[in-house]
Every structure is written in structure tokens, then in C-alpha cells.
Amino acid sequence: MSKQELLNNGRQQLLTKSNVSKKIGDDRKPLYLLVGAIFLLLFLFIVYPLFKVFWMSVYDGGFTLKYYQKFFSSSFNLKPLWNTLMLASSVAVLGTFIGYVFAYVVTRSKFAGKGLIKIFGTFPMISPPFVISLAAIILLGQNGVITRTIITPLFGPGFSIYGFKGLLLVETMSYFPTAFLIFTGVFSAIDPVLEDAAHNMGASPSKTFREVIFPLTKPGIYSSLLLLFIESIADFGNPLVLSGGFKVLSVEAYLKITGEFDLPMGATISMVLLVPALIAFFVQKYYVDRKSFVTLTGKSSTTSFFKSHSTLVNIFLGSVIFITTSMIILFYGAVVWGSFVKVWGADHTFTFRNYFSGVEDSWNYIQDTFLLSAVATPLTGFMALMISYLIVRKKFVGKNIMEVTSMLSFAVPGTVVGIGYILAFNDSPFLLTGTSAIIILLFIFRNMPVGIRSSIASLKQLDPAIEEAAMNLGANTVTTLKDITAPLLAPAFFSGVAYSFVRCLTAISAIIFVVSGSWNLLTVSLLGQVENGHLSVACAICVLLILTAGSVLGIMQFFIYRKGIKQRD
């Protein structure tokens, strides 16, 4: 090869490298813009409101800790803190136990009717958070059916559902489905070959459970305990309805702000409430999630998941399932029945009037709820998809910070979020109070974490070679995401969208701080009906909400199922 040819080849290689570098540089520009925009949104609508709550608690003409000193120096303030931690710990333990039993029966037993058990194990998730509290009042209140007909004749007057025992009951029934879903995944990830090996070596079913199954489910147990602890701490609707003299921090913060107009003390209580929730969140994220006990190898297995248990074990498992499902049927049946009586506790004549009255009285609330939910839901899904794609597929400075920040709103109690939004967006340049925008933004950033986790899980199962092939053919990042990745993530996307829509319909804890005369929500109307003693109308609104949420989930699941079939074909 001549000297001139060598020079020409060298120039061509340099030109090719230059073009490749230019293409990569051009492709990175949209990435930097997207990352910057998302960081800005996360800062404005997650970090900034939390900072405002913190700042309100430590600023009074200058930095001060007097509000914290006032809180911790008074036994009147410390009592709600102790009550909150005690209730959350009890709900976490009891809810985890029930969820564990439900999942074990569904995945590891020969019980009949497991399809119904699955339905009952998830049903409380589609109802407003304080529906079970409403049912508890109908059944076990001072004029409740069970109280009047059974408890008072047998044990005399004096029984009260209000307080710790009532909250423990309703919160456990409300939140054990979270544990059930966790353990269903955990049990499904355990290779049944391990159980068969133990049985073949002579181990009894009980010994196999103690020495093989239970140790492998410990990460799920830790996750469930921490998540249910967070959910109980964040609960606002149930304590507001049923706490009685049993004070908890979420309600105390709300009353400080709305009743006493004491913003600094309300912010201080919110920060105290935030600390245990964040500790549980980060322990769950960085300790439990990093421990893997998964035993599935990906190889086919012909072994049976279902082993026979002793009569005593079957009685125990059956009793837990029977008692829990009976209570769910009883509680939700009471709500349905209560929606058809004229005046609860006074006139039990059958009527449809409550539904007409509920719709008539709450028509503006219904319109606002569905309009705002319809706007917020697709935006929530889009944000979740963008963030999960960046976290899984792209490399950039601050990726871990983006992941933690985007998930932070899941750990923060709704009371704290609501207070943060009214503090952050009540003045220029971010004056949003009283507008629909503040409700939509709260919906988006409050419900986004579930969609992010769902999309991250699906992206990790999607071979990156598919996207790399598209880029090798000349597609840029935006085109690849739009035409290749997004269609493959459709099931995860719509699962997150369905969850978001249901959460918009049933939200109360954070939303109650940002609603206004111009924009209001159906759950706020429902809470007002309960507080005013209009239980029959409240029951009718609950039934309508549950039917709507259930229908949305059913339609979405059908669409996801059909989409999955098309993708396999």
C-alpha cells in the first residue's frame, strides 16, 4: 500500500470516529435535557415541600428549636407519638401474619376456592381508606348492630370500638393486602424442588416449613413489616374517624393547622412523624431489598407446589382465612346494607334514596374527582416511565439520587405531604393554592412511585439488545423509547396507570389540605358525611366509589391480559 493510500485510510478513520462521536454527542443532548427537567420537577414537588415543612418548624425570625423543645417537653405531645408507634408496630405484625397465611394458602396448599381467597386478599385495596372504619361504626359503634344485639346483652354497656383496638382492627384489615401481595411473590420465587428434596429425605411438612420455607421468606417478612409500619404511620382517614381519645400524630398535625391555625407546631409534629417513616423506608430499601433469597433457576420443574398438611395445621390455616374473609364480607356487607336504609340507627326501611341524595349532594365533587383524576393519571404513568427508563437504561451523574428522590413520596406520610404543599405553594412565585394544578401535581408525585417500581421491574426483564439493535440502525434515544421500549412496557405502564387512577379516587390524607371551594374531591365529601352523622349517604358514596374503582381495575387487567397475549403471539 502506497504512502498516499495510508494517509487516505487514516483520514477516513478519523472522519468516521469524528462522526460517531458527534452522533453520540447529539444523542446525549436530549438525555441531559430530560434528566435536568426531571430533577427540577422532583426538587419542586417533592424536596421543596418537605424542606418548607422543616423550615417552618425551625424558623421564627431566626433558627430555633423551641417548637421541638415544646413538643418533647410535654407529655401531652409525647402520648400521640407513643400511640402512633405502638399502633403502627401492632398493625405491621398482625397484618404481616395474616398476609403470610393468605399467600401460603394460595401458593402452597390444596385449599379449595383459592380464587376467592385472592379476591378477598386484595379487595380492601380498591376502597377508600376509611370505609372499614365506617363499617366498624355501623356494626360495633354505640348503636351498632353487633353491639346492640350481642355485646350489650351478654357483657352489658360500656363497650367502645373507638381507640386503639378499633384502629388496630380496621388498619389491619385495610393494609394486610400489601403483605399478601409481597408474600405471593416471595412464595412463587421459591423453587418447589427444595421442598420435594426435604420430603424425600423424610422431613415432615411442618419441619420442611420451619427449616426450608420460612428462612427463605425472611426478606419478605422484613419488607412487609416495614411497609405496613409506614402505611399505618401515614394513615389519616381511619384515625380521624375512629381514634376517639386515642390521639395519633397524623390527626394531631391536621388539627394544629386547621383547628388552631398553629402552622409551626403542625410542621413540627409532621417532622416528628416523618422520622420513623423515613427510617423504615431506607432500612427496607437499602437493607432488605439487597438481600436475595430467590431460588428459582429458570429451569422447568414438574414438582408439585402443593403438599398435604396435618389436620391441625389445616384447621389453623383455615381458621385464619375464614375469620379474615368473614370480617371482610361482614364489614363491606354492612356498608352495602347501610346504603339502603333510610336513617342509620333510627329508620332501617329499605330505600334507594341515599344513592340519589349522595349523587345530588356530591355531584360537583364527583365531577372534580373524575376530571382531576383523568388529567393526573396519564401524566403519572408518563413520568413513571421516563424516570424508570433513565434509572435502568442510562448512565448519568446523580442516578441514585433520582431514584431515591422519586420514591421518597411513598415513604412520606400524606399529612406531611399535604402540609408541605400548602406551605410551598401558598406564595409567589409558586402560588398554586386553590387551583386544580396543586391537586393534579400532588396526585402525580404521590402516586408515581408504584408505577416506577413496576416499570423498573419490567425493564430489567427486557433484553437491552433489542434497544441496542434499534440504535445501531440509526434510531436515537427518543425514537427507541417511543417505538421499541414503550410498547413492550405497555402492561407495566397500564398497571401503574390503573393503580394511580384508583388512588386518585380514594385519596384523602394529603388531599384534604389542598382542596378548596373551587376544586374538591369525593373522598372529602364522604368524610364530611361521616363526621356529620349521615352514615347511610356515606355508605352509598362508598359503594359507588368501590364499584368505580373495581370496574377500572377490571378493565385495565383485561387490557393488560390481551396485550400480553398479543406480545406472546
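Tutor: Start with the term. Two rings of Phe, Tyr or Trp count as a pair if their centres lie within 6.5 Å. Planes over 60 degrees apart make the pair edge-to-face. Keep in mind that this is a predicted model.

Now a cluster. Ring pairs join Phe 43, Phe 45, Tyr 48, Tyr 421, Phe 425, Phe 430 and Phe 445.

Next, the whole structure. A search of it finds 27 aromatic pairs. One of them is Phe 102 with Phe 180. Their ring centres are 6.1 Å apart, and the angle between the planes is 75°, so the pair is edge-to-face. Look at where the two residues sit. Phe 102 belongs to helix H3 (residues 75-108), and Phe 180 belongs to helix H7 (residues 164-188). They are 78 residues apart, so the pair links distant parts of the chain. Are these two residues buried or exposed? Buried means under 20% relative accessible area. Phe 102 has 0%, so it is buried. Phe 180 has 3%, so it is buried as well.

Tyr 104 and Phe 187 form another aromatic pair. Here the centres are 5.7 Å apart, with 70° between the planes. This pair is edge-to-face. Tyr 104 lies in helix H3 and Phe 187 in helix H7.

Note on methods:
Residues numbered from 1 in each chain as written. Predicted model: local features only at pLDDT ≥ 70, side-chain atom pairs only at ≥ 80, totals over all residues. Heavy atoms only, no water. Phe/Tyr/Trp six-rings, centres within 6.5 Å; stacked < 30°, edge-to-face > 60°. Helix = DSSP H or I, 4+ residues; strand = E, 2+ residues; numbered from the N terminus. Buried < 20%, exposed > 50% of the residue type's maximum accessible area, 1.4 Å probe, protein only.
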